[in-house]
Protein chains: 2
Amino acid sequence: MGPSGRMNDSTKTTTAEALLGMLSVGAKSGYELKGFIHQSIGYFWNESFGQIYPTLKRLEKDGLVVATEGERSGSKVYALTEAGRERLRAWLGMMPRAQVMRNEMLLKLFFGSQVAAATMRSHVAQYRDQRFAEVQTYSGIRARIQSRFAGHPALPYWLITLNWGQIEAEALLRWSEETLVTLDAMVEAGR
Amino acid sequence: MGPSGRMNDSTKTTTAEALLGMLSVGAKSGYELKGFIHQSIGYFWNESFGQIYPTLKRLEKDGLVVATEGERSGSKVYALTEAGRERLRAWLGMMPRAQVMRNEMLLKLFFGSQVAAATMRSHVAQYRDQRFAEVQTYSGIRARIQSRFAGHPALPYWLITLNWGQIEAEALLRWSEETLVTLDAMVEAGR
DNA sequence: TCCGTCATGTAAATGGTTACATGATTCG
DNA sequence: CGAATCATGTAACCATTTACATGACGGA
């Protein structure tokens, strides 16, 4: 399997790296970063202002980004420095740490026998509606970015992450439908 | 779609509810809870000792659980009280809040154009191996619990959550395989 | 006796969200 | 002029992980 496989040096705080990554696409203000993150990687990542602004200051102090005056008074536009780009590349080379996820809906479902089946059915129905909406969104995004970023070197990677979201949403939509059938039978059976 | 749909009363701290749920299956010590959580819902939930012990004390103070002496000296076995079971049921009835997930591997992939395609290939290969191992695990678990808990009222719900994990793992395994093909082509093309 | 596991706990650090405070600019 | 949006920041709070400290018990 090749001589690869550097260990994770436990470079914590991925918020910094997420911001560096976003700035590698182009210079942005803190406010713009939030919106950009939301509409591009929002389905698997998010950041809040309370996290963005302090992190940006820290990155500037460390020389990984430089701030220049924005058009509005008091607004700042941040750009990646060479050191920042280097840091980003180093982080990209490290093995991603496996993440610990928490799914509240599944937790409830696991204890489902404690309440009426109809209760769990409504939770799963809501979950299905969310997955359905997601699937719809993905086809829209795909069409838009494929024409808007044709030829862009990052496009293949953006489509790969988009595929991830779409395949996951479709799979969980199928699970939802199957599960609703099971739960309907249980509601019918009256337990 | 029926008259259901209570809003989430923002009852934070689901750790408490996770523990109440686990205790609804049977009385356990803090130590046992950790192991039980790991091997039953470990693929979508986890708790650490630093969280379990203080939470258990709080639940006891609030009268939601009662502690009795365990067999070993100093060990405590916690059991759900009627109030605890009531609290659990109330929580199960509330709509699960949508969760904000963070996937570090996808974040790196999104910025993949900043480094060699081979780097991203190795990340995805690791991801694929993890999903593959997961799929293997699930079929093992299914066989075990289906015979061990035949007739148990919670079994249908346990199988439903297990299905979720299996369907997700299988879908992401497929995504990994597809993505590896794409990345191999990009490595070949030398960019 | 020593190791591994069972067992409980605390302290510190971390990472993150939420709420709040403030103000500029744009558009109807 | 007022509302929406653009824009920056801080403080408080919260949940969670990690590391550490301690000790009982069983078996090799």
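A salt bridge here is a side-chain nitrogen of Lys or Arg within 4 Å of a carboxyl oxygen of Asp or Glu. A search of the whole structure finds 16 salt bridges over all chains.

This is a predicted model, in which local features need pLDDT of at least 70, side-chain atom pairs count only at pLDDT 80 or more, and totals for chains, interfaces and linings use all residues. Residues are numbered from 1 along each chain as its sequence is written, chains are lettered from A and ligands numbered from 1 in the order in which they are written, and side-chain values use heavy atoms, with hydrogens and water left out.

**The interface**

Contact means heavy atoms within 4.5 Å. In chain B, 72 residues are in contact with 72 residues of chain A. The two chains bury about 7300 Å² between them, with 66% of it on carbon and sulfur atoms. Buried area is the accessible area (1.4 Å probe) that two parts lose on being put together, summed over both. Arg102(B), Phe110(B) and Tyr157(B) supply 12% of the area that chain B buries against chain A, more than any other three residues.

Across this interface the rule finds 4 salt bridges. Two of the pairs are tabled here.

| Salt bridge | Distance, N to O |
|---|---|
| Arg97(A) and Glu104(B) | 2.8 Å |
| Glu104(A) and Arg97(B) | 2.8 Å |

The second pair runs from Glu104(A) in helix 5 (residues 104–110) of chain A to Arg97(B) in the loop between helix 4 and helix 5 of chain B. Helices are DSSP runs (H or I, at least four residues), numbered from the N terminus.

**Helix 7 of chain B**

Several elements give two or more residues to the side of chain B that touches chain A, including helix 6 (117–148) and helix 7 (155–188) of chain B. Helix 7 of chain B gives the most, with 18 residues. This helix has 34 residues and reaches 49 Å from its first C-alpha to its last. That is close to the 50 Å expected at 1.5 Å a residue, taken as 1.5 Å times one less than the number of residues. Gly190(B) follows helix 7 of chain B, and its phi is positive, near 70°.

**Aromatic pairs**

Rings of Phe, Tyr and Trp (its six-membered ring) pair if their centres lie within 6.5 Å; planes under 30 degrees apart count as stacked, over 60 as edge-to-face and the rest as tilted. The count comes to 16 aromatic pairs over all chains. The rings of Phe49(A) and Tyr53(A) have centres 5.7 Å apart and planes at 20°, so this pair is stacked.
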